[in-house]
Amino acid sequence: MMSLSPNLPPDKQREMLRQMLMIRRFEERASADYLAGKIYGVVHCYIGEEAVAVGVCSTLKRDDRIISTHRGHGHCIAKGADLNRMMAELYGRQTGYCKGKGGSMHIADFDIGMLGANGIVAGGISIITGAGLAAQMEGKRGVAVSFFGDGASNAGPFHECLNIAAAWKLPMIYVCENNMYAAQTAAAVTHALSDVAAKAAGYGIPGVVVDGNDIFAVYQATNRAVERARAGEGPTLIECKTYRWRAHTERRGQPDPRDPAEIEAWKGRDPITRLERQLRDQGHLDDAGLRSMEGDVMRVLEAAVTFADASPFPLPEQATDDVFAA
Ligand SMILES: Cc1ncc(C[n+]2csc(CCOP(=O)(O)OP(=O)(O)O)c2C)c(N)n1
Ligand SMILES: [Mg+2]
């Protein structure tokens with residue numbers, strides 16, 4: 001069952017589907033190219049969780065700010081990052097977001113309010129709470145969104161930031177992507193509560209649980225939180241229950257202790273198939289429309305790969321350029 005679609009124009013709903021498809025195809029390619037040795041560093045795939053990034057970011061304006069995690073491609077794409085520069089960064093090229101020296105976990109684009117992926121679990125929560133304070137001081141009704149995992153919700157920054165954001169009524173939306181695991185550890189091993197959202201009560205702010213594979217449920221919960229934040233009423237914690245389809249990172253022989261039956265069951269709740277079916281049922285999408293959308297996504301992706309592959313690697317003498325401290 002999918003929640004009722006909000007009163008969104010069909011064009012916007014199709015755009016949400018297109019963005020989810022873009023994330024999935026981008027990562028399928030990134031995974032294949034990583035295993036083929038064309039991509040360096042570490043790649044953490046978001047496949048299966050696409051409805052969270054797209055559902056949340058679809059409620060935001062360009063000037064609103066978000067921060068991401070080590071699993072950041074979905075957030076980047078949903079906030080409008082440039083696919084060419086993203087792929088070039090994964091390929092380690094000069095034309096990438098970090099001139100090829102950062103890789104997957106350091107992509108940022110301040111022009112679109114994307115303050116960065118982050119390899120430090122929970123590290124982004126503090127940075128974006130500072131951006132929430134900045135938004136409050138700017139007085140332009142901007143909001144700031146923190147994406148983080150179930151594992152990160154056990155780390156100090158989560159608690160410190162929710163506390164101060166609640167006390168100062170910062171225009172924050174804390175989005176926990178509860179995919180039930182932190183690397184190899186099941187959430188049940190390290191959480192006494194089954195709902196991360198319940199922790200909001202300790203800070204006197206609303207905490208809501210949503211089906212993170214239902215894009216409209218994510219959209220509606222975020223929209224309410226954004227309205228509350230823009231009205232100066234303070235932060236909300238939204239817990240999106242979801243699941244990653246792939247192992248923690250892309251690596252040959254990467255252990256995945258999860259039950260294959262559990263993985264299959266979650267594939268049956270594919271957020272993309274669910275939205276596609278709903279759009280078809282409403283008469284907003286047909287076979288030709290879907291084919292053309294897939295074609296567009298693949299064209300953008302292929303162009304990004306071609307761009308990345310044709311770009312130069314950074315030169316040895318550029319190794320310390322843009323390094324501010326060592
Ligand atoms: C401070 C810190 N501790 C440990 C790690 C190693 N590490 C990387 S990802 C990860 C698990 C994070 O789990 P979660 O927050 O649930 O995010 P998910 O990977 O499930 O999206 C860990 C422990 C790290 N990167 N940073
Ligand atoms: Mg997790």
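Tutor: Helices (H or I, at least four residues) and strands (E, at least two) are DSSP runs, numbered from the N terminus. This is a predicted model, in which local features need pLDDT of at least 70 and side-chain atom pairs count only at pLDDT 80 or more, while totals for chains, interfaces and linings use all residues. Residues are numbered from 1 along each chain as its sequence is written, chains are lettered from A and ligands numbered from 1 in the order in which they are written, and side-chain values use heavy atoms, with hydrogens and water left out.

Student: Where is the place of glycine 96?

Tutor: Leaving aside neighbours within four places in sequence, glycine 96 is in contact (heavy atoms within 4.5 Å) with Arg85, Ala88 and Glu89. Its C-alpha atom is separated by 10.0 Å from that of phenylalanine 307, 211 residues apart along the chain. As for its own segment, glycine 96 sits in the loop between helix H4 (83–90) and helix H5 (123–138).

Student: Is glycine 96 buried or exposed?

Tutor: Buried means under 20% relative accessible area, exposed over 50%, and partly exposed in between (1.4 Å probe, protein chains only). The relative accessible area of glycine 96 is 5%, so this residue is buried.

Student: How many of the 8 residues of H4 are buried?

Tutor: The buried residues of H4 are Leu83, Met86, Met87, Ala88, Glu89 and Leu90. What covers them includes helix H1 (10–35), helix H3 (73–79) and H11. H4 is largely enclosed by the rest of the structure, because its buried residues number 6 of the 8.

Student: Which side chain has an oxygen within 3.3 Å of the backbone nitrogen of asparagine 84?

Tutor: A polar contact is a pair of N or O atoms within 3.5 Å; within protein, one must be able to donate a hydrogen and the other to accept it, and residues adjacent in sequence count only if both atoms are side-chain atoms. At the start of H4, the side-chain oxygen that reaches to within 3.3 Å of this nitrogen belongs to aspartate 82.

Student: Which residue joins its side chain to that of threonine 129 in a polar contact?

Tutor: Threonine 129 lies in helix H5 and counts as buried at 5% relative accessibility. Beyond four places in sequence, its contacts are Cys161, Ile164, Ala165, Leu170, Met172 and Tyr174. The polar contact spans 2.9 Å, and its other partner is tyrosine 174.

Student: What order do the 5 strands of the open sheet have?

Tutor: Two strands pair if DSSP finds at least two bridges between them. E3 and E7 pair in the parallel sense over 6 bridges, and 5 bridges join E6 to E7, also parallel. With parallel pairing, the open sheet has the order E1-E2-E3-E7-E6.

Student: Which strands stand at the edges?

Tutor: A strand with a single partner has one side left without a neighbour in the sheet. That holds for two strands, so the edges are E1 (65–67) and E6 (207–211).

Student: Which residue in E2 stands opposite isoleucine 66?

Tutor: E1 and strand E2 (residues 144–149) run parallel and are joined by 3 bridges. Within E2, the residue opposite isoleucine 66 is valine 145.

Student: Which helix packs on the sheet, touching E2, strand E3 (172–178) and strand E7 (236–241)?

Tutor: Axes are lines fitted to C-alpha atoms, for helices over the stretch in contact, and angles run from 0 to 180 degrees between N-to-C directions. The direction of this helix makes about 150 degrees with that of E3. The helix covers residues 156–167 and is H6.

Student: Which residues are the protein donors of the magnesium ion (ligand 2)?

Tutor: Donors are N, O and S atoms within 2.8 Å of the metal (3.2 Å for Na, K and Ca); water is not among the atoms, so sites may look incomplete. In sequence the donor residues are spaced D-x28-N-x1-Y. They lie 2.1 to 2.2 Å from the ion and are Asp150 (OD), Asn179 (OD1) and Tyr181 (O).

Student: How many residues apart in sequence are the parts tied together by aspartate 150 and tyrosine 181?

Tutor: Both residues are buried. Aspartate 150 lies in the loop between E2 and H6, and tyrosine 181 in strand E4 (residues 181–182), so the parts tied together are apart in sequence by 31 residues.

Student: What is the phi of methionine 180?

Tutor: Methionine 180 lies in the loop between E3 and E4 and counts as partly exposed at 28% relative accessibility. Although the residue is not a glycine, its phi is positive, at about 75 degrees.
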